[in-house]
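Subject: Structure handover

Hi there,

Here is the structure I promised you, with a few notes on what turned up in it. Have it open as you read, and write back with any questions.

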Amino acid sequence: RELSIRIVDQASMSSRVRLASRWRTEDGSDFGRDGQRAALPHVIRSGERVDAVVPVNAFVAPGRYRLTIDLVEEDVTWFEWRGIPPPFLAVEVVPR
């Protein structure tokens, strides 16, 4: 599956920035399940809006979760850790 998202940048990003999904518990606690990453369509400049797609796979047990979509500068930091709260979706994973 894929999820479409619009990114609005307030400052230029480096070419090492990726879009990523992260699975969390229903209350938002992190339990270390990063999802897949996706390259941005190009280096995003300050003030630019870009539509991007991130692949999403439920590699978690059935249950209720938060799926957050964050930006990560590889080998540096998550944007959330810089004080930028990521958007999230409430998701129920069901067995196939």
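A salt bridge here is a side-chain nitrogen of Lys or Arg within 4 Å of a carboxyl oxygen of Asp or Glu. Please keep in mind that this is a predicted model.

That cut-off matters for Asp 70, which sits in strand β5 (residues 63-73). Asp 70 is buried but has no salt bridge. What the side chain of Asp 70 does reach is the backbone nitrogen of Glu 80, at 3.3 Å.

Next, the largest pocket. Its volume is about 410 Å³, and 14 residues line it. Nearest its centre are Arg 1, Trp 23, Val 56, Asn 57 and Ala 58. Which strand gives the largest share of the lining? That is β7, with four residues. Both β1 (2-8) and β7 (88-93) supply at least two residues each. By type, the lining has nine nonpolar residues, four charged and one polar.

Last, a look at Phe 59, in the loop between β4 (49-55) and β5. Is Phe 59 buried or exposed? It counts as exposed, because its relative accessibility is 54% and the cut-off for exposed is over 50%. From Leu 3, Phe 59 is 56 residues away in sequence, and the two are 16 Å apart in space, C-alpha to C-alpha.

Best wishes

Conventions: Residues are numbered from 1 along each chain as its sequence is written. This is a predicted model: local features need pLDDT of at least 70, side-chain atom pairs count only at pLDDT 80 or more; totals for chains, interfaces and linings use all residues. Side-chain values use heavy atoms; hydrogens and water are left out. On a 1 Å grid over the protein atoms alone, a cavity is a set of points where a 1.4 Å probe fits but cannot get out, and a pocket is an open set with protein on both sides within 12 Å along at least five of seven lines; lining residues have an atom within 4 Å of a point. Grid points are joined across faces, edges and corners, and a volume is the space filled by probe spheres set on the points. Ala, Val, Leu, Ile, Met, Phe, Trp, Tyr, Cys and Pro count as nonpolar, Asp, Glu, Lys and Arg as charged, and the others, Gly among them, as polar. Buried means under 20% relative accessible area, exposed over 50%, partly exposed in between (1.4 Å probe, protein chains only). Lys and Arg count as positive and Asp and Glu as negative; His and the chain ends are not counted. A polar contact is a pair of N or O atoms within 3.5 Å; within protein, one must be able to donate a hydrogen and the other to accept it, and residues adjacent in sequence count only if both atoms are side-chain atoms.
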